[in-house]
Amino acid sequence: YTHEDTGQKERVFEALVDYPCEFTMKIVGANEGTFVEDIVPIGADSCDEHHTSISYSTRTQGKWMSVTVQAPVKNAEMLYMMYENGDRDPRVKFKF
């Protein structure tokens, strides 16, 4: 992404998100085993928070489950880390 005013190249989350913030991420994956119990701590660890301080909701539809995590993000690096750490679980199909 190129900043309109400065012409400086930035990664997209630096340009689109004002930090610090409470970021909402939806993670969709296979409805297997302890998916929710495994995914919520990933978001918490990425933000240097205890998993009990992260709010979330779930929705199940057949073989798929979505977990909507709301996590306090202090900077873009934390946000990128949440996305990267989510990819480590093979049950995760996509995140947005």
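The legends below describe close-up views of a predicted model.

Local features need pLDDT of at least 70, and side-chain atom pairs count only at pLDDT 80 or more, while totals for chains, interfaces and linings use all residues. Residues are numbered from 1 along each chain as its sequence is written, and side-chain values use heavy atoms, with hydrogens and water left out.

**View 1. Four strands form an open, antiparallel sheet.**
The strand order is E2-E3-E1-E4. Strands and helices are DSSP runs, numbered from the N terminus: at least two residues (E) for a strand, at least four (H or I) for a helix. Two strands pair if DSSP finds at least two bridges between them. Strand E2 (55–61) and strand E4 (92–95) stand at the edges. Each has a single partner strand, so one side of each is left without a neighbour in the sheet. From one strand to the next, the twist averages 20 degrees. Axes here are lines fitted to C-alpha atoms, for helices over the stretch in contact, and angles run from 0 to 180 degrees between N-to-C directions.

**View 2. E2 pairs with strand E3 (residues 64–73).**
Seven bridges join E2 and E3 in the antiparallel sense. Tyrosine 56 has valine 69, in E3, as its bridge partner. Strands of a sheet pair through backbone hydrogen bonds, either parallel or antiparallel.

Contact means heavy atoms within 4.5 Å.

**View 3. H2 carries a set of buried residues.**
These are Phe35, Val36, Ile39, Val40, Gly43, Ala44 and Ser46. Buried means under 20% relative accessible area, exposed over 50%, and partly exposed in between (1.4 Å probe, protein chains only). Their cover includes E1, E2, E3, H3 and E4. At 1.5 Å a residue, the 12 residues of H2 should span 16 Å. The expected span is 1.5 Å times one less than the number of residues. The end C-alpha atoms of H2 are 17 Å apart, which agrees.

The side chain of serine 46 makes a polar contact with the side chain of asparagine 85, at 2.9 Å. A polar contact is a pair of N or O atoms within 3.5 Å; within protein, one must be able to donate a hydrogen and the other to accept it, and residues adjacent in sequence count only if both atoms are side-chain atoms. Leaving aside residues up to four places away in sequence, serine 46 touches Met78, Met81, Met82 and Asn85.

**View 4. Aspartate 48 follows H2 with a positive phi.**
The angle is about 55 degrees, although aspartate 48 is not a glycine. Aspartate 48 lies in the loop between H2 and E2. This residue counts as exposed, at 61% relative accessibility.

**View 5. A cis peptide bond joins tyrosine 19 and proline 20.**
Omega is about -10 degrees. Proline 20 sits in the loop between helix H1 (12–16) and E1.

**View 6. The structure holds four aromatic pairs.**
The ring centres of phenylalanine 94 and phenylalanine 96 are 6.0 Å apart and the planes stand at 20 degrees, so the pair is stacked. Rings of Phe, Tyr and Trp (its six-membered ring) pair if their centres lie within 6.5 Å; planes under 30 degrees apart count as stacked, over 60 as edge-to-face and the rest as tilted. Phenylalanine 94 is partly exposed, at 44% relative accessible area. Ring pairs also link Phe13, Phe23, Tyr80 and Tyr83 into a cluster.
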